[in-house]
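The sequence and the structure are shown first.

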Amino acid sequence: MFKTFSKIGSLVVISAILSLLDITGAYAQGNLLITPRRVVFDGTRRVMELNLANTGVDTARYSISLLQYRMNENGTFTEITEPDPGQNFADKNIRFFPRSVTLGPNEAQSIRMQVINQDRLSPGEYRSHVYFRSVPNVTALGDEDLIKDSTSVSVRLIPIFGITIPVIIRVGENNTKVSISDITLHNNEDTSRIVDFKINRTGNMSVYGDVKVIYEAESGKETQVGALNGLAVYSPNPFRRVFIELNDDKSVDYKRGKIKIVYSAQSETKPEIFAQSELNL
């Protein structure tokens, strides 16, 4: 039961939307466009820049911080404060400036990121996530519109958009190996088809690339029937389970032939194939 108030109370409910998918190139959430999508320090690279652009018609403000996440086996994320066994955070070795930005419509700005004390790190991979959190324009209580019913409580929903992108430090040789297993084709009642499988990872670093699903007919003709770009399996995860809905191609007979899964590095020329496997139908 609500008490009767002589003055109006204003309850601000804030919803956070985290976008944690690994997608190639630029990435946009709300009206914020970020390039590149990932920050990876390896070799002798010490400084990188992130480019932010406001594609909206209003001025937008964002605060910037570093968060820690665990990747779950289905690709979702859970925020954590302590690393899992075999996991290393990168935040203590990353500096960035500025820590907040205000962007007018169609305005852009760069964020400078620098890795420090890399020569003191043991071989392996270190990962944190850069979090861009929108700062809402909250109207002061004295400026709010008056409501005649003084016995009510007003509720304003203020969506807060956020984007996280990984920042990774790699030290030493990469001995990661990848394989694909447990391929299953599901025929749903609505005639859609989903293929699910596991990408298995061993070694000291994460893997990142694109997945293609190819149908090969008995005649040998190949047709791409599905894809998922920018898929990561982060250390220390031993595997990630993947689900891809296949194209409804009338020329494809999913009762015979085979399904091939190919996981490869992103490249405009000849991408390195991390792993591939197939399922006989």
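Which residue lies over the face of F96, and at what distance from the ring centre? The residue is R99, at 4.2 Å from the ring centre of F96. The model discussed here is predicted.

## Overall architecture

The protein chain contains 20 strands and zero helices. Of its 281 residues, 42% count as buried. Among contacts in the chain with a separation of 6 or more, 68% are accounted for by residues 24 or more positions apart. The chain exposes about 16,100 Å², and 49% of this area is supplied by carbon and sulfur atoms.

## A four-stranded open sheet

Four strands form an open sheet in the order β17-β16-β19-β20, and their pairing is antiparallel. The edge strands, each pairing on one side only, are β17 (222-233) and β20 (273-280). On average, neighbouring strands of this sheet are turned by 15° against each other, direction ignored.

Strand β19 (residues 258-264) runs antiparallel to β20, and seven bridges join the two. Within this pairing, Y263 has A275 in β20 as its bridge partner.

## Aromatic cluster and charges over rings

A pair of aromatic rings is described by the distance of the centres and the angle of the planes. In the whole structure, a search finds four aromatic pairs. One of them, Y69 with F77, is edge-to-face, with 6.1 Å centre to centre and 85° between the planes. F77 also pairs with Y234 in a tilted arrangement, at 6.2 Å centre to centre and 55° between the planes. Because F77 lies in strand β8 (residues 77-79) and Y234 in the loop between β17 and β18 (239-245), this pair ties together parts that are 157 residues apart in sequence.

Y69, F77 and Y234 form one aromatic cluster. Are its members buried or exposed? Y69 is buried, with a relative accessible area of 2%, and F77 is buried at 15%. Y234 counts as buried because its relative accessibility is 0%, the cut-off for buried being under 20%. R127 lies over the face of Y234, at 4.4 Å from the ring centre.

Strand β9 (residues 94-97) has a covered face with I94 and F96, and an uncovered face with R95 and F97. F96, on the covered face, is the residue whose ring has R99 over it.

Four bridges join β9 to strand β11 (residues 108-115), and the two strands run antiparallel. The bridge partner of F97 in β11 is R112.

## Backbone geometry in the loops

Most residues other than glycine have a negative phi, and most peptide bonds are trans. Two cis peptide bonds are described here: one joins T35 and P36, with omega about -5°, and another runs from F97 to P98, with omega near -5°. P36 lies in the loop between β3 (32-35) and β4 (39-41), while P98 lies in the loop between β9 and β10 (100-103).

Where is N106, a residue with a positive phi of about 60° although it is not a glycine? N106 is placed in the loop between β10 and β11, and its relative accessible area of 67% means that it is exposed. N117 likewise is not a glycine and has a positive phi, of about 55°. N117 lies in the loop between β11 and β12 (124-134) and counts as partly exposed, at 34% relative accessibility.

How values were computed
Residues numbered from 1 in each chain as written. Predicted model: local features only at pLDDT ≥ 70, side-chain atom pairs only at ≥ 80, totals over all residues. Heavy atoms only, no water. Pairing = 2+ DSSP bridges. Axes fitted to C-alpha atoms, helices over the stretch in contact; angles between N-to-C directions. Buried < 20%, exposed > 50% of the residue type's maximum accessible area, 1.4 Å probe, protein only. Contact = heavy atoms within 4.5 Å. Areas by Shrake-Rupley, 256 points an atom, 1.4 Å probe, with all protein chains shown as cover. Phe/Tyr/Trp six-rings, centres within 6.5 Å; stacked < 30°, edge-to-face > 60°. Lys NZ or Arg CZ within 6 Å of the ring centre and 35° of its normal.
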